[in-house]
Amino acid sequence: MKYLKLIVAVAMIACLLPMPYGFYTLVRFFAMVIFAVFAYQYYQKHCKPLSITFGAFALLFQPFVKIVLGRGVWNVVDIVVAILLVVLWYKENKKNETN
């Protein structure tokens with residue numbers, strides 16, 4: 001679980017590359033599940049803003065009822081989400097090192 005945020009961030013960045021459509025669907029499903037788990041974990045830690053954020057990400061990335069944003073907008077969303085995940089991973093690791 002320590003590197004899960006980085007794995008999802010790499011998957012988001014990989015979505016910027018021209019890949020088969022099935023890859024994007026797989027990443028959306030994977031991201032939905034992982035973001036739902038993160039939302040629950042942050043809810044358990046009483047961190048409401050991140051819980052809501054990851055819950056919204058889970059809904060945005062769910063592959064069942066597709067949200068049509070266009071390729072350019074999805075690229076921006078993927079980059080922003082990847083940056084957020086890397087920043088959270090870095091802050092949490094830095095916090096764990098000081099404890």
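His46 is found in the loop between α2 and α3. The model discussed here is predicted.

Trainee: What is the phi of His46, and which helix does His46 follow?

Mentor: Most residues other than glycine have a negative phi. His46, a residue other than glycine, has a positive value. The helix that His46 follows is α2, and its phi is near 60°.

Trainee: Is His46 buried or exposed?

Mentor: The cut-off for an exposed residue is a relative accessible area over 50%. His46 has a relative accessible area of 75%, and therefore counts as exposed.

Trainee: What radius of gyration does the protein have, and what would a compact globule have?

Mentor: The C-alpha trace spans about 45 × 25 × 20 Å along the principal axes of the protein. For 99 residues, a compact globule would have a radius of gyration near 13 Å; this agrees with the value for the protein, which is 14 Å.

Trainee: What percentage of contacts between residues at least 6 apart in sequence join residues at least 24 apart?

Mentor: Two percentages describe the protein as a whole. Buried residues account for 35% of its 99 residues. Of the contacts between residues at least 6 apart in sequence, the share that joins residues at least 24 apart is 67%.

Trainee: How many Å apart are the end C-alpha atoms of helix α2?

Mentor: Helix α2 covers residues 21-44, which is 24 residues. At 1.5 Å a residue, α2 should span 34 Å.

Trainee: Which elements are included in what covers the buried residues of α2?

Mentor: The buried residues of α2 include Tyr24, Val27, Ala31, Ile34, Phe35, Phe38 and Tyr42. Arg28 is also buried. Their cover includes α1, α3 and α4.

Trainee: At what angle do α1 and α2 pack, and how many Å apart are their axes?

Mentor: Leu4, Ile7, Val8 and Ala11 are among the α1 residues in this contact, and Phe23, Val27, Phe30 and Ala31 are among those from α2. The contact has 14 nonpolar residues, no polar residue and one charged residue. The passage of α1 across α2 is a left-handed crossing. The two helices pack at about 150°, with axes 10 Å apart.

Trainee: Which helices do the buried residues of α3 pack against?

Mentor: At 1.5 Å a residue, the 14 residues of α3 should span 20 Å, and its end C-alpha atoms agree with this at 20 Å apart. Its buried residues are Leu50, Ser51, Phe54, Phe57, Ala58, Leu60 and Phe61. These residues pack against α1, α2 and α4.

Trainee: At what angle do helix α3 and helix α4 pack?

Mentor: In this contact, α3 residues including Leu50, Phe54 and Phe57 meet α4 residues including Trp74, Val77 and Leu88. By class, the contact has eleven nonpolar residues, one polar and one charged. The crossing of α3 past α4 is left-handed. The axes of the two helices are 13 Å apart, and the angle is about 145°.

Methods: Residues are numbered from 1 along each chain as its sequence is written. This is a predicted model: local features need pLDDT of at least 70, side-chain atom pairs count only at pLDDT 80 or more; totals for chains, interfaces and linings use all residues. Side-chain values use heavy atoms; hydrogens and water are left out. Axes are lines fitted to C-alpha atoms, for helices over the stretch in contact, and angles run from 0 to 180 degrees between N-to-C directions. Helices (H or I, at least four residues) and strands (E, at least two) are DSSP runs, numbered from the N terminus. A crossing is left-handed if the near helix is turned anticlockwise from the far one by less than a right angle, and right-handed if clockwise. Contact means heavy atoms within 4.5 Å. Ala, Val, Leu, Ile, Met, Phe, Trp, Tyr, Cys and Pro count as nonpolar, Asp, Glu, Lys and Arg as charged, and the others, Gly among them, as polar. The expected span of a helix is 1.5 Å times one less than its number of residues. Buried means under 20% relative accessible area, exposed over 50%, partly exposed in between (1.4 Å probe, protein chains only). The radius of gyration is taken over C-alpha atoms; the globule rule is 2.2 Å times the number of residues to the power 0.38.
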